[in-house]
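Student: I have a protein model open, and I would like to learn to read it. Can we go through it together?

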Amino acid sequence: MAATSAATFSIGTNCSLGHKAASFQQTKPCALRFNSQNLLKSSFSGLKATTSFNCETETSFSGKETAKALRASFARKAHKDAQMVRSQFQPQASYKVAVLGAAGGIGQPLALLIKMSPLVSSLHLYDIANVKGVAADLSHCNTPSEVLDFTGAAELPSSLKGVDVVVIPAGVPRKPGMTRDDLFNINAGIVRNLIEAVADNCPDAFIHIISNPVNSTVPIAAEVLKQKGVYNPKKLFGVSTLDVVRANTFVAQKKNLKLIDVDVPVVGGHAGITILPLLSKTKPSVSLTDEEVEQLTVRIQNAGTEVVEAKAGAGSATLSMAYAAARFVESSLRALDGDGDVYECSYVASDLTELPFFASRVKLGRNGIEAFIPSDLQGLTEYEQKALEALKPELKASIEKGIAFANKQTATA
């Protein structure tokens, strides 16, 4: 969702990337151009930000040996300057991320992807069992972050100390024939207990909820945080990024577009008909028939079931979910690091509609949500407007179910 940024640096000029700047002096009429594409961003279209250096010499000398000597001299200078630029603008690994449920089907690939981030200094892996082996395995990867493992309720508080981002994929997965509501009683209790620990140990962290049903578990988390007196709606996120990832993929395939160029905002919730891809807002603009709109919308809404059925009892959408969650983690880290151009869709506390929680595109900053994008809900097609109204009763019921669960648990405590 976030825009791609590029910066060009030339010898003899002042230049900047974000709030940092560097100057280089060169007396020869030569230019070093440093092109930084996504230097501080991994869009998870690829896993490594790309950088390229292009050195060009301009000289009025016609002698080949002289030109050769100049090129050799400049190459040494360019290499030295390039090293200076790299040291100036290389992302600093300075953030701690905790994954709660790190030994599970989503947790393991998610931990691997987070381990690859240049912004992570410490990766805390927590689960009730089998997490030591995961941590040992990941610790062999030659990326900056250290990996620490924590097992069982007694070690949960330690796993959260000083953490900047908490990601919660913990819970049981969907199986064939199960709806997200079937998961509710088990996963609701898991999320409640984990959020209580988050509230006690790292209340200022960004909190990413993956555990389904997200439409209910995010309201549960909000109520627990309120009860603890540490609720900050700007830092609580339901990870609905997978809906965006799927929408982008399916539209690109349908219209034969470059996937990296496609951006489809997805609003509403994170289950069934509450998932509403706003295909009319697709960038770049695409022409879709009414039949194509309906087919794409239904496929995006039922994509989780598509994977569950294809795995035939062997699991749910763990890999694509890990990929999408890692993208959202990276966006959060970029926002914490001061990137002023970070946008993602997320299921959050919202006043865009009459519902207290709603998935939409938001701008992220150091303090969490900086802004909503109300224009996404303006100028909808008739199909989208009807779908928006149709999803509200189901989403409202899921929200109320989560709030009621949290309040009931408090009353019986």
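This is a predicted model: local features need pLDDT of at least 70, side-chain atom pairs count only at pLDDT 80 or more; totals for chains, interfaces and linings use all residues.

Student: How do I describe two packed helices?

Tutor: Two packed helices are described by the angle between their axes and the distance between the axes. Now the case here. Helix H7 (residues 241-255) packs with helix H10 (residues 318-336) at an angle of about 110°. Their axes are 8 Å apart. Angles of 65 to 115 degrees count as roughly perpendicular, so H7 is roughly perpendicular to H10.

Student: Which residues in H7 and H10 meet?

Tutor: From H7 come Thr241, Leu242, Val244, Val245, Arg246 and Asn248. From H10 come Ser320, Met321, Tyr323, Ala324, Arg327 and Phe328. Sort the residues of this contact by kind: seven are nonpolar, three polar and two charged.

Student: Next, a single helix. What does H6 reach from its first C-alpha to its last?

Tutor: Helix H6 (residues 214-227) has 14 residues and reaches 20 Å. That is close to the 20 Å expected at 1.5 Å a residue.

Student: How many residues of H6 are buried?

Tutor: Twelve of the 14, so H6 is mostly covered, with buried meaning under 20% relative accessible area. Among them are Val214, Pro219, Ile220 and Leu225. Glu223 is also on the buried list. Look just after H6 too: glycine 229 takes a positive phi of about 75° there.

Student: Which residues does serine 216 contact, leaving aside its neighbours within four places in sequence?

Tutor: Serine 216 sits in helix H6. Its contacts beyond those neighbours are Phe184, Ser398, Lys401 and Gly402. Serine 216 has a relative accessible area of 0%, so it is buried.

Student: Now strands. In which sense do E14 and E15 pair?

Tutor: Antiparallel, over eight bridges. Strand E14 covers residues 342-349, and strand E15 covers residues 357-365. E14 is mostly covered, with eight of its eight residues buried.

Student: One last residue. Where does valine 191 lie?

Tutor: In helix H5 (residues 184-201). Valine 191 is buried, with a relative accessible area of 0%. Leaving aside neighbours within four places in sequence, valine 191 contacts Ile209, Ser211 and Thr217. Now find isoleucine 168, 23 residues apart from valine 191 along the chain. Their C-alpha atoms are separated by 7.8 Å.

Notes:
Residues are numbered from 1 along each chain as its sequence is written. Side-chain values use heavy atoms; hydrogens and water are left out. Axes are lines fitted to C-alpha atoms, for helices over the stretch in contact, and angles run from 0 to 180 degrees between N-to-C directions. Helices (H or I, at least four residues) and strands (E, at least two) are DSSP runs, numbered from the N terminus. Angles under 35 degrees count as roughly parallel, over 145 as roughly antiparallel, 65 to 115 as roughly perpendicular and the rest as oblique. Contact means heavy atoms within 4.5 Å. Ala, Val, Leu, Ile, Met, Phe, Trp, Tyr, Cys and Pro count as nonpolar, Asp, Glu, Lys and Arg as charged, and the others, Gly among them, as polar. The expected span of a helix is 1.5 Å times one less than its number of residues. Buried means under 20% relative accessible area, exposed over 50%, partly exposed in between (1.4 Å probe, protein chains only). Two strands pair if DSSP finds at least two bridges between them.
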